[in-house]
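Reader: I am new to this structure. Please take one part and walk me through it closely.

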Amino acid sequence: LREVQDAQSQILSKLQHPNECRSGVTAWRYYPWVNWRDNIENGQLKSVMYNKKRNDTTLKVEFHTQLAQATNGGCSEYFFQFDGQECSQPAPITTSFYKNTNSGYWIVAPPGEVSGFCNATSRGPLRSGQLSVSVHIRSSGNNAYTGKMSTGKVTSYILVEEYCP
C-alpha cells in the first residue's frame, strides 16, 4: 500500500509541477558516422546541431572513435566547443593522445573517447535552443589520424545528453 501511495504522490507532483527539472537525463541525441576518417591536424573534425530543451540543464558530451599518431613524439589534443567556444564551467572538455616509441613510423589506433560536462562557456551559460556542438583537434603536426584505421566497420559518434542537476 505504501508503494502505491508513493507512486501516486510522484504522479501528482509531476502534474502539479510539470516544468520542474527532475534529476537525471531529460533528453539525448546520438550522431553516428560509419567508416569515417579524417587526417586533419588542426581544426574542426565534426559538428552537430543540438536543440537544448532547457536553460537550467547541463550537457554531457561524448566523442568515440579510433585515434592514431603516426610519428614518434607526436601529440594530439581533442576537445569540444559549444557555439565556437570551449567549455569553461565546470572545466574544458579535452584529452590528449601521445605516441612515444623507438620504432619510428607506425600507427597506433586504439579506441578513443573525449567526454565531459558543460554548463557554460566564456560567453555565459548554455541557453535553450539550437546549439552547435563540435569536436576539434590541435596537433603538433605529427601525422594525426582520427576515425577508421582498421578493417571491418568502425562507428564513430558524438552523443549529447541533457541532464537536470
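What follows is a close look at one residue and its setting. Where does glutamine 89 sit, and which residues is glutamine 89 in contact with?

Author: This is a predicted model, in which local features need pLDDT of at least 70, side-chain atom pairs count only at pLDDT 80 or more, and totals for chains, interfaces and linings use all residues. Residues are numbered from 1 along each chain as its sequence is written, and side-chain values use heavy atoms, with hydrogens and water left out.

Glutamine 89 lies in strand S6, residues 85–90. Strands (E, at least two residues) and helices (H or I, at least four) are DSSP runs, numbered from the N terminus. Glutamine 89 is partly exposed, at 45% relative accessible area. Buried means under 20%, exposed over 50%, and partly exposed in between, using a 1.4 Å probe and protein chains only.

Now its partners. Contact means heavy atoms within 4.5 Å. Neighbours within four places in sequence aside, glutamine 89 is in contact with Phe117, Cys118, Asn119 and Ala120. Proline 125 is 36 residues from glutamine 89 in sequence, yet their C-alpha atoms are 8.6 Å apart in space.

Next, the whole protein. One helix and 12 strands make it up. Of its 165 residues, 41% are buried. Among contacts between residues at least 6 apart in sequence, 82% join residues at least 24 apart.

Last, confidence. pLDDT is the predictor's confidence in each residue, from 0 to 100. The protein's mean is 81, and 79% of its residues reach 70 or more. Confidence is highest in S6, at 94, and lowest in helix H1 (residues 2–16), at a mean of 63. Where pLDDT is low, the predicted coordinates should not be read in detail.
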